[in-house]
Amino acid sequence: MNNFSYSRATSVQNAVQRASTDKNAMFIAGGTNLVDRLKVFLDEPSQLIDVSRLEMKQLEPLASGGLRIGSLVTNTALADAPEVRRNYPMLARAILSGASQQIRNVATVGGNILQRTRCPYYYDTAFPCNKREPDSGCPALTGINRTHALLGASDQCVAVHPSDMCVALAALDAVVEVTGPKGKRQIPFGDFHRLPGNTPERDTNLEPEELITAILLPPLPFAKSGVYLKLRDRASYAFALISVAAAVDLAEEQIKDVRLAIGGVAHKPWRSQEAEQFLIGKAANAATFEEAAKIALQSAKPLAHNRFKVELAKRAIKRSLMLSAAGGVV
Amino acid sequence: MEVTQSTVSGAVAVTLNVNGKKRSLAIEPRVTLLDTLREHLGLTGSKKGCDHGQCGACTVLVDGQRVYSCLALAVMQEGKEIVTIEGLAKDDVLHPVQAAFIDNDGLQCGYCTPGQICATVALLDEVKQGSSSAITPNLEHPPQLAELSEAEIKERLSGNLCRCSAYNGIVAAVQQLVGQTPPSAAADVMVKEMPA
Ligand SMILES: Cc1cc2nc3c(=O)[nH]c(=O)nc-3n(C[C@H](O)[C@H](O)[C@H](O)COP(=O)(O)OP(=O)(O)OC[C@H]3O[C@@H](n4cnc5c(N)ncnc54)[C@H](O)[C@@H]3O)c2cc1C
Ligand code: FES
Ligand code: FES
């Protein structure tokens, strides 16, 4: 890795101010994604601004009944928090199913949201990659693409977002709170990550000098029966091929409300609003859930090696919805 | 708050607390904790398997929690308590986790062992503190030490790979540590299962 200068931010303002005076500066929190990237020259910052000692480590109840999660709360602390286990079990399970205990102990909420794709071509600088170097080409389109996107991809990039936690945050309608040179703003989770389009180099709508300060989780009583199902090549310590975060709200046997998000299928955590719309008011049974799964995948465009993920995703969606409708026990 | 700043790319002064001793060093900000331990402090117990957070050989304890030292910048560890495999034994007395690995043949070549042992030390502590894992059936009722199933042990140690595949012995070591009776050593089982 190249060398860089290092400094510790003394406040949120100080971090933002330093970042806005050097366009080659980068923030570092847990470092579990960034250090890895620095080692293979994916990023070559002039300076690292260490934000890990700032006061953003609190988990606080919101007046609305939701939860405010400081961006430096570690993945472990968030998954272990009693209110998360109780009220948002899909979030606790999504986090626990990701990486390993060693990584989760250090990884922060802010860093997790901003982790970059694990597309092997992006990681290997011997290959061109539109995400790394705009207009250089996308070898995944014609190369080995079994882990790549089914939904919302472009002819410039078929990479998927690797985070598990983000799939649950998408289902839960989280809001990202950020501070930039112009002050604070809030970004709804669905608008935070981007589809690749013609600008695959941009993963999110965050500006480089903006710091994530917190994630806000609105209250969602039926999230108590939420589930997270992750399917991968080995039982643990591997990224998802397909994952599903789902929660079903039942009145008698009818679906009153539902949340459905899918991981491993797109450049962003994929919230399936069409399937949600279809489900509302229907009877909660296997046939309905199967139909919803079909709807969620109807615009899938499989590549040469990832066609199996279409069926995998459909079955995972059906199973997750069934489990949540049955009370959420995994 | 103390501010460490280097305007030129070069070595900075860093003081680390490793195995209870303060160590002052001049290192570049890009140097990982793993390389600092091995190359600057002569603590070669922590191993470099992958250097990318994918194997666990570099696992050490930072403020009591297990972390991969290959993904941690040393300069970011100032003020934290770092414990490596070299810091576990008390004089000539092995740490109970070290002893259990020996009792249960929890190793072959030994390369992954320092990381496995540090991870196990932390694992026991996590269970005592009530942490759940991805496979814990009820997140609100995590298993106590004595109830830790084989599947829980494997899931909780999945961040440490063993190229020699000494997993049976490693799981047995953990079972012994939590007061369970581990199955007999693999060799015994094989002898018993051999046709007469
Ligand atoms: C071997 C391995 C396996 C993994 N498996 C999984 C998995 O199965 N599932 C999964 O979800 N994840 C997995 N991960 C990824 C892991 O979750 C991320 O590395 C971690 O969440 C990143 O958090 P961090 O705090 O360490 O981020 P950092 O590395 O510190 O930062 C990541 C990025 O975010 C920026 N940043 C950090 N904090 C802020 C902030 N507050 N505001 C603005 N910018 C910020 C940094 O500049 C950097 O670009 C794995 C990682 C490894 C190495
Ligand atoms: S060397 Fe750190 S995880 Fe492999
Ligand atoms: S004992 Fe050889 S790698 Fe584990």
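Predicted model: local features only at pLDDT ≥ 70, side-chain atom pairs only at ≥ 80, totals over all residues.
**Close-ups of salt bridges in chain A**

View 1. One pair to pick out is A:Asp173 with A:Arg271, whose closest N and O atoms are 2.8 Å apart. This pair brings together distant stretches of the chain: A:Asp173 sits in the loop between helix 9 and strand 6 (175-180), while A:Arg271 belongs to strand 12 (residues 270-271), 98 residues apart. A:Asp173 counts as partly exposed, at 33% relative accessibility, whereas A:Arg271 is buried at 17%.

**View 2. A:Lys131 pairs up with A:Asp203.** Their side chains form a salt bridge, with 2.7 Å from N to O. A:Lys131 comes from the loop between helix 8 (120-123) and helix 9 (165-171), and A:Asp203 from the loop between helix 10 (189-192) and strand 8 (211-217), 72 residues apart. Both partners are buried.

**View 3. A:Arg146 reaches A:Asp233 in another salt bridge.** Here the N to O distance is 2.9 Å. A:Arg146 is in the loop between helix 8 and helix 9 and A:Asp233 in the loop between strand 9 (227-231) and strand 10 (242-251), so the bridge ties together parts 87 residues apart in sequence. A:Arg146 is partly exposed at 31% relative accessibility, and A:Asp233 is exposed at 56%.

**View 4. Zooming back out, here's the chain that holds these pairs.** Chain A has 13 helices and twelve strands, and 60% of its 330 residues are buried. The whole structure contains 27 salt bridges.

Technical notes
Residues numbered from 1 in each chain as written. Chains lettered and ligands numbered in written order. Heavy atoms only, no water. Helix = DSSP H or I, 4+ residues; strand = E, 2+ residues; numbered from the N terminus. Buried < 20%, exposed > 50% of the residue type's maximum accessible area, 1.4 Å probe, protein only. Salt bridge = Lys/Arg side-chain N within 4 Å of Asp/Glu carboxyl O.
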